[in-house]
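Subject: The structure I promised you

Hi,

Keep it open while you read, and look up each residue as I mention it.

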Amino acid sequence: MFFYIAPVFIGLLSLQASAFDNTRFDNVRGHLLLVYWGQNSYGATNSADTANFQQRISFYCNDNAIDVFPVAFLNVFFGAGGAPSLNLANTCNPTDNATFPGTTLPNCSSLASDITACQAKGKIVTLSLGGATGAVGFTSDAQATTFGQTIWDMFLGGTSSTRPFGNAVLDGIDLDIEGGSSDHYSVFVNTIRSLASGASKNYYVTAAPQCVFPDAALGSVLNAANFDAVYGKHPFYNNYCGLQAFGQASDWNFGIWDNWARTTSPNKNVKVYIGAPASSSAAGSGYVPISTLSNIATQMRKSFPSFGGVMLWDASQAHANSRYDLAIKNALTAAGGTGFTFPACSAPTFVAGTNYAGGAEVSFGGYIWQAKWSASSQPSGDPSSDWSATKPTTTATPPTTTTSPSSTSTPTTTAGGSCAGVAAWSSTVAYQGGAEVVYNSHLWTAKWWSEADAPGGSAGDWTDDGPCGSQIQAAKTLPGPASAQETSTSSLKESPPSARSRFFRF
């Protein structure tokens with residue numbers, strides 16, 4: 001998900017700037033280009049409109065629309081002289097700016113006054129590490145520990161003769177790791193946490209996984225280290241589970257991230273943010289009108305206690321797009337910033353052994369679940385589950401299942417299904433999960449959204465319900481004891497994260 005940019009929390013608090021509060025539900029994070037700020041996202045696609053090119057970071061601190069600015073990116077961990085490097089494009093970079101002796105780390109101290117000015121207005125300014133083309137990663141715990149000390153000394157509360165932002169002390173780190181191994185990142189995070197534990201100010205640790213769960217680059221790290229927020233779903237664009245999938249149980253998966261936040265994350269108060277491009281030119285896909293984003297964000301705020309706000313990509317695009325940031329801020333403010341009331345249970349209790357049609361709703365384990373397609377298995381937080389959590393209903397502990405339950409099969413004689421009135425499969429029709437078709441004299445049911453993938457093909461989009469009108473032996477799946485050796489991935493709709501970078505570079 002990454003452009004070169006500075007991510008930005010846009011908080012919807014009051015008309016005067018006030019301090020960022022991670023316990024609120026109305027924060028909005030956008031990306032101020034410090035790679036995307038530095039790369040000038042809007043200017044890259046609107047070269048003639050120089051008046052709306054990316055401004056200095058202090059420009060975006062002049063009202064209360066944005067609360068947190070992750071400055072992106074520190075894109076090299078171990079460069080010349082063993083030092084990290086920054087590339088903030090035309091704002092500060094190793095080519096056009098002076099570098100510290102023996103390194104490719106640019107001296108960006110001219111930004112110190114911008115950073116401290118934003119902080120004086122209650123804004124949070126963090127450092128985002130990684131990016132789409134970042135040379136990042138660790139080979140050992142020892143290296144990760146040393147790097148944690150380096151970041152602390154250069155950018156946070158430590159001391160060093162090498163301070164790229166001069167006397168400005170940033171407020172934390174953001175991990176935008178989009179490739180390579182996730183090994184040792186938890187050690188790095190824990191080092192930062194340890195160094196910050198006795199500090200006189202708060203330091204934040206955040207991450208930017210894709211909406212695909214679990215995230216390929218950060219999944220194991222999120223389960224092993226303490227994060228204050230995840231911008232999931234930069235998560236919510238340039239991916240099949242993006243904003244365009246809202247309302248589709250087979251793809252929209254905010255519920256599984258809520259389940260992770262409340263049951264698996266080491267920090268049970270971690271906040272999950274919706275990511276959105278701030279204009280049609282800000283991303284390859286996923287842009288929605290402000291009215292649509294406002295509706296989605298408001299529903300998520302009222303549906304899930306882990307919801308923390310909105311992330312926008314990026315500040316320059318939002319500002320040029322009729323202040324898209326301010327508009328979503330106003331919508332979230334209207335939805336309320338504090339308190340959460342669990343929705344009333346409006347669905348029948350799940351009954352084991354029942355075959356549910358796609359779209360059916362049940363209540364189970366403190367959530368209302370919607371069947372992605374024909375389902376009989378027990379709802380769980382497993383991404384390969386037949387169910388999608390649409391909202392919690394009580395404060396009861398939600399299910400933490402990460403593998404599909406094992407099953408016992410009771411043979412029952414059922415009809416293969418009447419094909420009367422069911423249309424033949426067509427390669428030009430887009431089918432929703434639960435749709436039925438006839439193909440090669442068999443009745444088939446779509447497991448999820450499918451187009452041009454023939455029933456019985458390698459894509460695995462369809463369930464064979466048997467020959468039309470025949471009597472077949474079918475297995476009715478009943479829940480049984482979970483087995484540590486059994487996992488079900490047959491119903492998982494794969495989307496290789498490596499093919500869906502959260503941010504583009506221009």
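Below is what I found, starting with the overall picture and then going into a few spots.

First, the ground rules. This is a predicted model, so local features need a pLDDT of at least 70 and side-chain atom pairs count only at pLDDT 80 or more, while totals for chains, interfaces and linings use all residues. Residues are numbered from 1 along each chain as its sequence is written, and side-chain values use heavy atoms, with hydrogens and water left out.

**Overall picture**

The protein has nine helices and 20 strands. Helices (H or I, at least four residues) and strands (E, at least two) are DSSP runs, numbered from the N terminus. Of the 506 residues, 54% are buried. Buried means under 20% relative accessible area, exposed means over 50%, and partly exposed is in between (1.4 Å probe, protein chains only). Among contacts (heavy atoms within 4.5 Å) with a separation of 6 or more, 68% are between residues 24 or more positions apart.

pLDDT is the predictor's confidence in each residue, from 0 to 100. Its mean over the protein is 79, and 77% of the residues reach 70 or more. Confidence is highest in helix H3 (residues 141-155), at 98, and lowest in strand S20 (residues 471-479), at a mean of 31. Two stretches to treat with care: pLDDT stays under 50 over residues 29-36, and also over residues 401-417.

**Helix H4**

H4 covers residues 185-196, and its end C-alpha atoms are 17 Å apart; that agrees with the 16 Å its 12 residues should span at 1.5 Å a residue. (The expected span is 1.5 Å times one less than the number of residues.) Its buried residues include Tyr185, Phe188 and Ile192. An α-helix has 3.6 residues a turn, so residues three or four places apart point the same way. What do the buried residues of H4 pack against? They pack against strands S5 (124-131), S6 (172-177) and S7 (204-207), and against helices H3 and H5 (219-224).

**A buried arginine**

Arginine 301 is found in helix H7 (residues 290-303). Is arginine 301 buried or exposed? With a relative accessible area of 5%, arginine 301 is buried. Its side chain reaches the backbone oxygen of glycine 336 at 2.8 Å. The C-alpha atoms of arginine 301 and alanine 335 are 7.4 Å apart, although 34 residues separate them along the chain.

Most residues other than glycine have a negative phi, and most peptide bonds are trans. Here are some exceptions to look up:

- The bond from phenylalanine 213 to proline 214 is cis, with omega near -5 degrees; proline 214 is in the loop between S7 and H5.
- The bond from tryptophan 313 to aspartate 314 is also cis, with omega near -5 degrees.
- Histidine 184, in the loop between S6 and H4, has a positive phi near 75 degrees, and is partly exposed at 21% relative accessible area.
- Asparagine 440 has a positive phi of about 50 degrees and is exposed, at 60%.

Asparagine 440 is in the loop between S16 and S17. Strands S16 (residues 436-439) and S17 (residues 442-446) pair in the antiparallel sense over four bridges; two strands pair if DSSP finds at least two bridges between them. The bridge partner of valine 437 is tryptophan 444 in S17.

Cheers

How values were computed: Polar contact = N/O pair within 3.5 Å; in protein donor to acceptor, adjacent residues only side chain to side chain.
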